[in-house]
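Please read them with the structure open.

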Amino acid sequence: MGDNYPYFHPLYAGQMLKPPHPVARAAYALAMFVNPNNHALDGGRASSAMEIEAVREIAAMFGWQQHLGHLTSGGTFANLEALWVAGQLAPGKAVAASAQAHYTHSRISGVLKLPFISVAADAHGRMDMAALEAALAEGTIGTVVATLGTTALGAVDPLEKILALRERYGFRLHVDAAYGGYFTLASNLAPEAARAFSLIGEADSIVIDPHKHGLQPYGCGSILFRDPTVGRFYKHDSPYTYFTSGELHLGEISLECSRAGASAVALWATQRLLPLIRGGDFAQGLEASRRAALDLHRRLSADARFVTGPRPELDIVVWAVRAESLEAASQRAQQVFDRAAQQDLHLALVQLPVAFFGPDAFPGASATDTVTCLRSVLMKPEHEAWLPAIWQRLDAAANR
């Protein structure tokens, strides 16, 4: 285990890895003495009640008082359930998502035998509305996936405009907020992103991962449906699982069967300590992460050695290293990544279209060309206080 990166430390600023809260670790460990299974009440009486309560509080963040939802093993399975239900309601119809959406959507569409349409992204990494409307005009799309917090850039698709298109074209809207969903509680988003988050409740289904910003151990995702009657698609017969209770079982509204009840216990306990409310301690942690991202972006933008991407909408920052060619820029990014790691600053590398950096960043490059960039996910609240130390190490790595 010593071969892992120090994910818990603020100098780890690479991938989407946020340490679980101590109360989540403790609750998970204590629950494992019982090892409940939340597939049925027989296997997890108390933990099932905790799951229902915790998921209800997540749904309330988006203004949903009535919903159908449960925890999953992660965002991939949660998105699978959302697109599976969408396919039941619109058999054979295509799923459309941004080119910057998580690759899981195209993969899941293949598993479900649904056509998949990749919609171009704009220069900010958001779904391009003209491209989406052109695809919708073909009449083959049954579901549009809006991503609120892409994994590469933290970009927020323009949900208000997507909802306007739904009025005209009548598709089902799924919001993949696996990464960014909790930012609905943050008060320091830019107006356009804040508007998108305020409208999440208009979606037909929502995915949000407590094991990302929700301070939970892996794996803990969740799926929410606005219309509880979609539960009819989960209906099944079991000769042994449910006979001791006439109450609703989580296994009757989930594609997964056995699921760790300890995940529900950990989430429930964390939400007792840190309620999902605006202005609370939990929300303030998200706001600190966004301030850290804006601080890093400001420093990078003022430094001639770097080329910055779009201004962060959440807490993810991407930048390239300035060079005479794309090949040289990619090589230098790798070198900075390696030198930074030698100083215990751990970043990430990402391949991005040069269009994200503006027309003058790499003269002569085609808009379809890509470049290897550096990326930081500043998702720990402590990153804000550690930004000077992060910058000092990044500066030294770039100089070397």
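1. Helix H2 and helix H8 cross in a left-handed manner. This is a predicted model, and the two helices to find in it are H2, residues 45-61, and H8, residues 261-273. Their axes come within 8 Å and cross at roughly 50°. An angle between 35 and 65 degrees is neither roughly parallel nor roughly perpendicular, and H2 and H8 are therefore oblique to each other.

2. Which residues make the contact between H2 and H8? From H2 come Ser47, Met50, Glu51, Glu53, Ala54, Glu57 and Ile58. From H8 come Gly261, Ala264, Val265, Leu267, Trp268, Gln271 and Arg272. Sorted by class, the contact of H2 with H8 has 7 nonpolar, 3 polar and 4 charged residues.

3. The next pair is helix H9, residues 281-301, and helix H11, residues 383-399. The H9 and H11 axes come within 9 Å, and the crossing angle is roughly 25°. Because angles under 35 degrees count as roughly parallel, H9 is roughly parallel to H11. The crossing of H9 with H11 is right-handed.

4. On the H9 side, the residues that meet H11 are Ala288, Arg291, Ala292, Asp295, Leu296, Arg299 and Leu300. They face His383, Glu384, Leu387, Pro388, Trp391 and Leu394 of H11. The classes in the contact of H9 with H11 are 8 nonpolar, 1 polar and 4 charged residues.

5. Helix H5 (residues 129-136) and helix H6 (residues 159-169) form a further pair, with axes that come within 11 Å and cross at roughly 15°. H5 and H6 are therefore roughly parallel to each other, and their crossing is right-handed. Met129, Leu132, Glu133 and Leu136 of H5 are in contact with Lys161, Ile162, Leu165, Arg168 and Tyr169 of H6. In the contact of H5 with H6 there are 6 nonpolar and 3 charged residues, and no polar ones.

6. Val336 deserves a look of its own. Val336 sits in helix H10, residues 326-342. Is Val336 buried or exposed? Val336 counts as buried because its relative accessibility is 5%, and the cut-off for buried is under 20%. Leaving aside residues up to four places away in sequence, Val336 touches Val321, Leu374, Leu394, Ala397 and Ala398. One of these, Leu394, is also among the H11 residues that meet H9. Val336 and Leu347 are 11 residues apart along the chain, and their C-alpha atoms are separated by 9.2 Å.

7. For Lys113, phi is about 60°. Lys113 is placed in the loop between helix H4 (104-111) and strand S3 (116-119). With a relative accessible area of 72%, Lys113 is exposed. For Leu215, phi is about 65°. Leu215 belongs to the loop between S6 and S7. Leu215 is buried, its relative accessible area being 13%.

8. Where is the cis peptide bond that involves Gly219? It joins Tyr218 to Gly219, with omega about -10°. Gly219 lies in the loop between strand S6 (205-208) and strand S7 (221-225). The loop between S6 and S7 also holds Leu215, from the previous point.

9. How many disulfides does the structure hold? The number is 0. Cys220 is in no disulfide, and the nearest cysteine sulfur to its own, that of Cys257, is 18 Å away. A disulfide needs two cysteine sulfur atoms within 2.5 Å, so the sulfur of Cys257, 18 Å from that of Cys220, is too far for a bond. The two cysteines also have their own accessibility values. Cys220 is buried, at a relative accessible area of 1%, whereas Cys257 is partly exposed, at 48%.

Key. Residues numbered from 1 in each chain as written. Predicted model: local features only at pLDDT ≥ 70, side-chain atom pairs only at ≥ 80, totals over all residues. Heavy atoms only, no water. Buried < 20%, exposed > 50% of the residue type's maximum accessible area, 1.4 Å probe, protein only. Axes fitted to C-alpha atoms, helices over the stretch in contact; angles between N-to-C directions. Helix = DSSP H or I, 4+ residues; strand = E, 2+ residues; numbered from the N terminus. Parallel < 35°, antiparallel > 145°, perpendicular 65-115°, else oblique. Left-handed = near helix turned anticlockwise from the far one by under 90°. Contact = heavy atoms within 4.5 Å. Nonpolar A, V, L, I, M, F, W, Y, C, P; charged D, E, K, R; others polar.
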